Amino acid sequence: MSSDTLTKRPVAPPGEADAQPRIVPVRRTGQWTAAVLVVLLLAMAVNSVARNKAFQWDVVADYFATTAVLRGLGLTLWLTAVVMVLGFVLGTLLALARLSSNPVLTRVSWGYVWFFRSTPILVQLLFWFNIGALYPRLGLGIPFGPEFLTVRTVNLLGPITVAIIGLTLHEAAYAAEVVRGGLLSVDRGQIEAAQSLGLGRWRRLRRIVLPQAMRSIVPPAGNMLIGTLKGTSIVSVIAVEDLLYSVQLVYHRTYQVIPLLLVATIWYIVVTSVLSVGQHYVERHYARGTERS
């Protein structure tokens, strides 16, 4: 058999040599079926809630913007802002202590985070609310010496003060880990470059490290803010008149439990939605100059 016979290839019929292969789109039957089922179930749920008279939507509309509810909402927002500011200030100090070369500061910071993350926030609040049983009086004076000023604990620590102390100490433990993670995300070369320029430690932290760390700090900090807003509802157990406690006072009087709980729920959804939008723009601000896929 000759070599020409071995290398001979079949010749395509006339007209088919230039024909392009036909592109067949992928059929995503399973995805579309799942999407239709989800939309159908969602429509059924919305229809059930909207047409169920037991929700008493007219009562929800009547109490949605009452003075008592708005006062409780204002206290909730104020408490959230105070706790987040104080919590991150204390958390930043704890994070810096954890990253320091001082073994005492490192271990104390680790112990603080370990303790407050290991105990439920409700237990912490109840403990601070009953602190007067352990320390009836608080004094100011020379350590292990005479006291110049004493005050009764029950007169110093009211429900709102107890709520601020308990929530702040709890949030600071989580804020410390968020800040520490953000600081560790900064490339070591950036710090070494700043050291080579002769920048001091605090200036390096303020001008080099923190601006870059904010890209990693802002997303979990935004989640903490939303979690703190919802978590403030727990202060109702110590009679702080936040949003939840305010609607509880109303339904204890009117016995309209479901519609009043819906009032609180809708307000929480509205505020958290606004905070989520703000978080998006803050994240986009600190993400400038970085490539994202």
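The end C-alpha atoms of residues 224–245 sit 22 Å apart, and this span is 50% helix and 0% strand (helices, H or I of at least four residues, and strands, E of at least two, are DSSP runs numbered from the N terminus). The model is predicted, so local features need pLDDT of at least 70 and side-chain atom pairs pLDDT 80 or more, while totals for chains, interfaces and linings use all residues. Residues are numbered from 1 along each chain as its sequence is written, and side-chain values use heavy atoms, with hydrogens and water left out.

Another span, residues 32–50, is 100% helix and 0% strand, with 27 Å between its end C-alpha atoms.

Helix 10 covers residues 201–231. Its 31 residues put the end C-alpha atoms only 36 Å apart, short of the 45 Å that a straight helix would reach at 1.5 Å a residue (the expected span is 1.5 Å times one less than the number of residues). There is a kink of about 45 degrees at Val209, shortly before Pro211; the bend is the angle between axes fitted to the seven residues ending there and the seven starting there.

Turning to charges, the structure holds 2 salt bridges (a side-chain nitrogen of Lys or Arg within 4 Å of a carboxyl oxygen of Asp or Glu). One of them joins Glu177 and Arg98 at 3.2 Å, N to O. This pair links distant parts of the chain, with Glu177 in helix 8 and Arg98 in helix 4, 79 residues apart. Glu177 also pairs with Arg180, with the closest N and O atoms 2.9 Å apart. Shared partners join Arg98, Glu177 and Arg180 into one network.
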